[in-house]
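Me: Please walk me through a structure. I would like to learn how to read its features.

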Amino acid sequence: MSSRQAPTFYILHGEDEFSRKAEVLAIRARMGDPTTAQLNTSQYDGKTASAAAVVAAAQNMPFLSDKRMVIVDGMLVWLARKGAGKTGKAELDYLVNALPNLPDYARLVFVESETLPDSHPVLKLLKQEPGAYAKVFNPPQNAAPWIGKQVEHYGGKIEPQAAAALAAVITEGVGRDAKANLRAADSECIKLVTYVGGER
């Protein structure tokens, strides 16, 4: 039996929406049977929900399952923003105190569209908290290797020059500000593999 505890709370942050969503789906898939997983999954808007509400939802006993998943969109960025004031600080303090005490069955997932600074109070918990997991999702500046992996994932192969050409088409901006639109790239990868029928 493994002594490694599964995380009870997750921080998925960064501008790469496509990969963030894929990670949420992967965590959801580990919830087991889709029907009972759906019964044990809640979603909150982090700008309107309170820290106490999302923690309470994560602490609810699961129904016909061994896990309860709570997805919170944008709470950590919202509470740390300029103008959040004493209310934001109090909410963050609540989270910092409550998150290490989540039950083993909790899967509280914070999904943030911006990269959190290392100084963020909840992100700092990672250094001392074994029940925490964080991952930064930023679009790659060079999407060609990512495209190669996606095509392989869908059962095909793509020449490096073709991947580079596709990467150039789906990249927005120039220089250091260039960002790949991975949703568009993924869609094109699926089309390519479907078109050739997986033959090449």
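Reply: Start with accessibility. Buried means under 20% relative accessible area, exposed means over 50%, and partly exposed lies in between (1.4 Å probe, protein chains only). Lys89, at 51% relative accessibility, therefore counts as exposed.

Me: What kind of model is this, and how are residues numbered?

Reply: It is a predicted model, in which local features need pLDDT of at least 70 and side-chain atom pairs count only at pLDDT 80 or more, while totals for chains, interfaces and linings use all residues. Residues are numbered from 1 along each chain as its sequence is written, and side-chain values use heavy atoms, with hydrogens and water left out.

Me: How many helices and strands does the protein chain have?

Reply: Helices (H or I, at least four residues) and strands (E, at least two) are DSSP runs, numbered from the N terminus. The protein chain has 9 helices and 7 strands. Its C-alpha trace spans about 50 × 40 × 30 Å along the principal axes. Of its 200 residues, 42% count as buried.

Me: What share of the contacts joins residues at least 24 apart?

Reply: Contact means heavy atoms within 4.5 Å. Take the contacts in the protein chain between residues at least 6 apart in sequence: 75% of them join residues at least 24 apart.

Me: How many salt bridges does a search of the whole structure find?

Reply: A salt bridge is a side-chain nitrogen of Lys or Arg within 4 Å of a carboxyl oxygen of Asp or Glu. The search finds 3. Take Lys89 again: its side chain meets that of Asp93 in a salt bridge, 3.0 Å from N to O. Both residues lie in helix H5 (residues 85-98), 4 residues apart, about one turn of the helix. Asp93 is partly exposed, with a relative accessible area of 35%.

Me: Which residue forms a salt bridge with Glu17?

Reply: Lys21 does, with the closest N and O atoms 3.0 Å apart. Glu17 and Lys21 are both in helix H1 (residues 17-29), 4 residues apart, about one turn of the helix. Glu17 is partly exposed at 34%. Lys21 is partly exposed at 46%.

Me: And the pair Asp66 and Lys67: is each one buried or exposed?

Reply: Their side chains meet in a salt bridge at 3.3 Å, N to O. Asp66 is exposed, with a relative accessible area of 53%. Lys67 is buried, with a relative accessible area of 17%.

Me: Now helix packing. At what angle do the axes of H7 and H9 cross?

Reply: Two packed helices are described by the angle between their axes and the distance between the axes. Axes are lines fitted to C-alpha atoms, for helices over the stretch in contact, and angles run from 0 to 180 degrees between N-to-C directions. The axes of H7 (residues 144-153) and H9 (residues 182-196) cross at roughly 45 degrees and come within 9 Å. Angles under 35 degrees count as roughly parallel, over 145 as roughly antiparallel, 65 to 115 as roughly perpendicular and the rest as oblique. H7 and H9 are therefore oblique to each other.

Me: Which residues meet there?

Reply: Trp146, Ile147, Gln150 and Val151 in H7 meet Leu182, Ala185, Asp186, Cys189 and Val193 in H9.

Me: Where is Glu152, and is it buried or exposed?

Reply: Glu152 is in helix H7. Its relative accessibility is 57%, so Glu152 counts as exposed.
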